[in-house]
Amino acid sequence: MTLRKFAGLGALLSIVMPSLAMAADEVAAPVLNSGDTAWMLTSTALVLFMTIPGLALFYGGMVRSKNILSVMMQCFAITGLISILWVVYGYSIAFDTTGMEQGVVNFNSFFGGMGKAFLAGVTPASITGPAALFPEAVFITFQMTFAIITPALIVGAFAERMKFSAMLIFMAIWFTLVYAPIAHMVWSGNGGLLWDWGVLDFAGGTVVHINAGVAGLVACIVLGKRKGFPTTPMAPHNLGYTLVGAAMLWVGWFGFNAGSAAAANGTAGMAMLVTQIATAAAALGWMFAEWITHGKPSALGIASGVVAGLVAVTPAAGTVGPMGALVIGLVAGVVCFFCATSLKRKLGYDDSLDAFGVHGIGGIVGAILTGVFAAPALGGFGTVTDIAAQVWIQCKGVGFTVIYTAIVTFIILKVLDAVMGLRVTEEEEAVGLDLAQHNERGYNL
């Protein structure tokens, strides 16, 4: 009787154990999380909303009326161009990790492989994320929106004077040789150059804002000043558009920063909170700095302060605490105000819409202060124990990005200028790019 019991138990185990093993495999397999997916879908839409219509309106209101359509057209064209280049090879350059090894510097530390070119292998069933929780297609689109807004930001530096054809070719080459490689070095993971250095860049202070700001500075210097600058008044033609655009950027930035948590979790919630705090502090910091310096606060000033705060908190959003965000925002607002006004006048470069003064400088301020306020000792949520060492790492990351971007951007622009010319003629500039480049008017009275 006992033997028969053991024989029966053995038979039962032979049936149950494979089922248990299969169940364990099923549990271990990555499972899509609908909450994370919903948040990432929302964040993706918010970041695209930042460029069209947010940035298009923000920039469009600041130029003269004869150039409003040219600026908006550039934002829309860049959105289309970069979307296609991203799926053809950009995503692969940025995020293919083939040949990468932690601590080893090789070609793939700078430039991703081509294993994901044309989105090879991506299906509706492909999932990704920190714990493989949402569709890879959503991650691809989310990162695409970052790739779109970065070159679009550069438009503000050379507004009102660059040929549309030259702009398109410049953006395609710049995206290929500057944006995608920098994104790879910072975000691709172990083996990426700046990743291995330990550079903290949660949502794009280095990849997006320093990158775009420095490229914009180089572009406006290479193209030269607008005709009549700085003696001819070139006041914004519709600050209402600019304020609406700034408001759209403010709202959309929650997708930019909180979405970079890649999950609907506590990090995303804190990123949202610190983004709001830093932005509010920077808006007030710029406003009061301008009020004290010029006697009156301006609508353009507070809108610019909003963007400066959004930029500065971007690299810190995943690691800084509320009080650290307050300091970062306040410092960024004041520093960006003086760089976009006093420094620009002193050095004499014509950064039309302050792409460098707000994005370049704001990105630098935020990147460096991330090394300070990510420390738990100062209320942060990072792993920084040696603040001085992390600040040095952040400075190295900033320095590398500035030098790499400046050199490559300069070379691209000089080659294009020699081959096809970058700038519209004086007559076209006087008429306005809306008519000269697109045969349209923004306003028909």
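1. A nonpolar surface patch of about 590 Å² is formed by Ile403, Ile407, Phe410, Ile411, Val415 and Val419. Patches here join nonpolar side chains (Val, Leu, Ile, Met, Phe, Trp, Tyr) within 5 Å and like charges within 9 Å, using residues with over 30% relative accessible area and no salt bridge, a salt bridge being a side-chain nitrogen of Lys or Arg within 4 Å of a carboxyl oxygen of Asp or Glu. Areas come from the Shrake-Rupley method with a 1.4 Å probe, and for residues only the protein chains shown count as cover. Phe410 lies in helix H14 (residues 387-419) and is partly exposed, at 42% relative accessible area. Buried means under 20%, exposed over 50%, and partly exposed in between (1.4 Å probe, protein chains only).

2. Please keep in mind that this is a predicted model, where local features need pLDDT of at least 70, side-chain atom pairs count only at pLDDT 80 or more, and totals for chains, interfaces and linings use all residues. Residues are numbered from 1 along each chain as its sequence is written, and side-chain values use heavy atoms, leaving out hydrogens and water.

3. Do look at helix H12 (residues 322-347): its 26 residues reach 35 Å from first C-alpha to last, close to the 38 Å expected at 1.5 Å a residue. Helices (H or I, at least four residues) and strands (E, at least two) are DSSP runs numbered from the N terminus, and the expected span is 1.5 Å times one less than the number of residues. A kink of about 35° is centred on Cys339, the bend being the angle between axes fitted to the seven residues ending there and the seven starting there. Just after H12, Gly348 has a positive phi of about 85°.

4. What does the buried side of H12 pack against? Its buried residues, among them Gly324, Ile328, Phe337 and Cys339, pack against helices H10 (266-294), H11 (299-313) and H13 (355-373), with contact meaning heavy atoms within 4.5 Å.

5. Two cis peptide bonds deserve a look. One runs from Ile52 to Pro53, with omega near 15°, and Pro53 is in helix H2 (residues 34-62). Another runs from Phe229 to Pro230, with omega near 5°; Pro230 lies in the loop between H8 (205-223) and H9 (239-258).

6. Phe118 has a positive phi near 55°, and is exposed at 63% relative accessible area. Ala262, in the loop between H9 and H10, has a positive phi near 60° but is buried, at 13%.
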